[in-house]
Structure formats: structure tokens, C-alpha cells
Amino acid sequence: MINKKLKELIYNDEARIIKQRREIHQNPELAMEEIKTNDYIKKELESYGLEVKQLEPTGLIAEINPDSDGKTVLLRADFDALPIEETNDFDFKSKNLGKSHACGHDTHTAMLLAATRALIEIKNELPGTVRLLFQPGEETGDGGKAVVKQGVTKGVDSGFAIHIHTAFPLGYAATGYGETMAGNYFFEVNFKGKSAHGSTPYLGHDAIMMVNTFINEANAAMARKVDALNNPIVLNYGVISGGSVANAVASDAKLTASFRFFSNDAADEFLKELKRIADFSADMYGGSVEFNYNQGAGPVINEENSTDTAVKVAKEIFGEDKVMTDLKVAGSEDFGLLLAGFEDYEAMPGTYMAVGAKNPDDPSTFPVNHSQDFNPDESAFKNGALLLAQYAYDFLNEN
């Protein structure tokens, strides 16, 4: 059952949740550059009487009941913005040119601050520790890697994060069991050849032909070497550049691309295959190649017991028929790095849930996340805050 005190505290706090969200919304900062936002959150947490640990370069941890011998639950909110110019015309639109909270991380921060205030008020009812993580750099994945490296997942029995989303109606929530969101890798292939006159191409080593071969072979590998049913991979070519003039053989060409996946093992094998194809493509035309890659996010793999708790709480808040439990999308979220682990760093069990914020009676809330005019319905925030707080309460009070 929903804790009546938590609900009362958070619902009575709705105006402050919206006010803080708007303050953060007006001052967006990009991934790993969120200095002012970081300081804003730190000042808030310290005003609640919490001891705050500063992460590097940005990011914060605070704990409620840090000396408890019970379980530890982690609640996470991200707070970076996107390099997207906002086109909304409301009073609290972005003040920073070319930057906006077009994904809703400002709302996540305001909701977790509200959940924190409420949980502090009932901390004597919590037989364990609530670890509060305010995380930078979700959009690039750099933040997830940084906080995992700094030990935020150590000793955590369950972690929980939510995402405001206008793909889902107001008053609904969505999650999944197991593989729920995809991880992603970004990669760059730089081919080096030898220039020649367009009338004598046989005297050169054509880098554009190398890129062409790479794309054809990578597509063939997708069709014949990937288990599309059990371990699907989605490959996307983003940028191709090369050459300098129409009547000369290109001496260099570059491809920038990415792929998404649900299995870390499948991703590792596909990376090896892409590297093999890059070497083959360069060798075919007498050139050389550099293949570079980096992981943006890990797959979000929701642990069963944590997801059971999240679903139970969400149904109590939103209603039995308003919680989807079969979510599986190719979109990425770097909370997966905390759930699946990163390199040799410790992972944690946990789960992730979307909270709907599309009001069917208000077309201004229809644009999806990452739109220039993204505008989630603010009435969704109090329930998001309650979802976070009640999850921590329920998890810590479960036997």
C-alpha cells in the first residue's frame, strides 16, 4: 500500500517540484559540464541536512540513514541537457543558446529532490539506507561510466530510475522484465589510400571504394552473422566523408556509425566482425585502416525482483490497467551501465521505468523526447516523485 505520509508530503509539495524543475530547465548544461546545476543540487541537499559527496567532474551522492545495517536502495536522477535549441515560448524556456532540457532530465532532478525531502521526513520508518545519485552525462554515456568507476553501485541491493516520457499517456507507466532497452556503441572507421588522377585510377588506392566495401560487407554480416531473433543488433551509418575533387582517386575516407544491442556478448562479437571487415576492405584496395569505438550505454536489463516491486508500486499509484510490463525498445539509457556493469566495475540489480507525460487534451505535450518543443505535462511530476520514494520504502521494508 502507498504510504499515506509519503503521498501527502509529495502531493503537497507539487508547486515546489514544478518551481525547481523550471529553475533547472532555464539553465541547461551539456554532459559533464553541469557545474551550476551540480551546485544547485548540492546546495539543496545540504539544506536538508544531508552530507553530500562530490563526484568527478560533476555528480553527487547523498544518503538517508547512512549508518543503517539494513539493505541499501539507490535512486538515480540524471541532470544533463542536450545541444538542441529550444523553440518553446513559455516563460521558463532555456536561457542558454543551443542547449535545452529536451529529454526531461530537469524533471528527473526535481522529482528526486522531492522524493528525498519526503523520505527524510519518514526516515525512522526506513530499515535501511537510501542512496541518492544525481548523475551527469547520461546523453553521452560518459556520466554512467564515471559514476560506476567511482563506486556508486557498491553495496547496492537494488537501484531504481525513472524517465519522464511523452510516448506514453499521462497517468501511465511502462517497464519490462529482462532486456528492456538497448546498449549502444559508436565507432569510426578511417581508411587511408593513395591519390591518383581520375583517368588512371589503377595507380591509386581508392579509400572511397574501401568505405563502399565496408558498408556492403557490414550489411551482409548483419544479415548472415547476427541472431536477429534472440540477439538483435541495429546498425546505423551516420556520417561519410572523403576525397576532395571529382576527377581524382580519394586518398582518405571516414565513416562514423553506431549500433545498438541487447546482449553484451553479441556486441563483443559484432565489434570483432566489424574490425575484421574494416581490415579486409582496406587490404582489398591496398590501403590501411584505423578502427576506433566507444560504448555509449549498456543494455538496460531489469532484474526480476526489483521490477516486481516497481510494478506493484506503479499499479498502486496509476492503476492496475495503466502499467505496461512488456516494454522493449532499441533506445538507449546509460542507467544500463549501472545495471549491467562497465568493464570490470561492479554492477547492481535494479530496474528502470518510464512515466507517461503526454496529455491527450493538450497538443503542446505531444512532441516526443529530444524534440525542440518537448513539453511534458507538469502534473506527471508528483506521481514520478511518489514512485521513486515509495519504491525505496517498499524495497527496504520487504523481507
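Begin by selecting Lys71 and Phe395: the charged end of Lys71 sits over the ring of Phe395, 4.2 Å from the ring centre. Please note that the model on display is predicted. Next, select Lys382 and Tyr11, where Lys382 lies over the face of Tyr11 at 5.7 Å from the ring centre.

Now turn to rings that pair with other rings. The structure holds 14 aromatic pairs. One of them joins Phe335 and Tyr352 in a tilted arrangement, with 5.9 Å from centre to centre and 35° between the planes. Phe335 belongs to helix H9 (residues 335-340) and Tyr352 to strand E16 (residues 350-358), so this pair ties together parts that are 17 residues apart in sequence. Phe335 and Tyr352 are both buried.

For a cluster linked by ring pairs, select Tyr185, Phe187, Phe191, Phe214, Phe259, Phe261, Phe270, Phe291 and Tyr293 together.

The tour then moves to the pockets. Select Met181, Gly331, Ser332, Glu333 and His370, which lie nearest the centre of the largest pocket among its 28 lining residues. The lining comprises twelve nonpolar, twelve polar and four charged residues.

Finally, select Glu51, Ala62, Glu63, Ile64 and Pro66, which lie nearest the centre of the second largest pocket, itself lined by 18 residues. Its volume is about 300 Å³. Which strand gives the largest share of this lining? Strand E2 does, with four residues. By class, the lining of the second largest pocket has nine nonpolar, four polar and five charged residues.

Conventions. Residues are numbered from 1 along each chain as its sequence is written. This is a predicted model: local features need pLDDT of at least 70, side-chain atom pairs count only at pLDDT 80 or more; totals for chains, interfaces and linings use all residues. Side-chain values use heavy atoms; hydrogens and water are left out. Rings of Phe, Tyr and Trp (its six-membered ring) pair if their centres lie within 6.5 Å; planes under 30 degrees apart count as stacked, over 60 as edge-to-face and the rest as tilted. Helices (H or I, at least four residues) and strands (E, at least two) are DSSP runs, numbered from the N terminus. Buried means under 20% relative accessible area, exposed over 50%, partly exposed in between (1.4 Å probe, protein chains only). A charge sits over a ring if NZ of Lys or CZ of Arg is within 6 Å of the ring centre and within 35 degrees of the ring normal. On a 1 Å grid over the protein atoms alone, a cavity is a set of points where a 1.4 Å probe fits but cannot get out, and a pocket is an open set with protein on both sides within 12 Å along at least five of seven lines; lining residues have an atom within 4 Å of a point. Ala, Val, Leu, Ile, Met, Phe, Trp, Tyr, Cys and Pro count as nonpolar, Asp, Glu, Lys and Arg as charged, and the others, Gly among them, as polar. Grid points are joined across faces, edges and corners, and a volume is the space filled by probe spheres set on the points.
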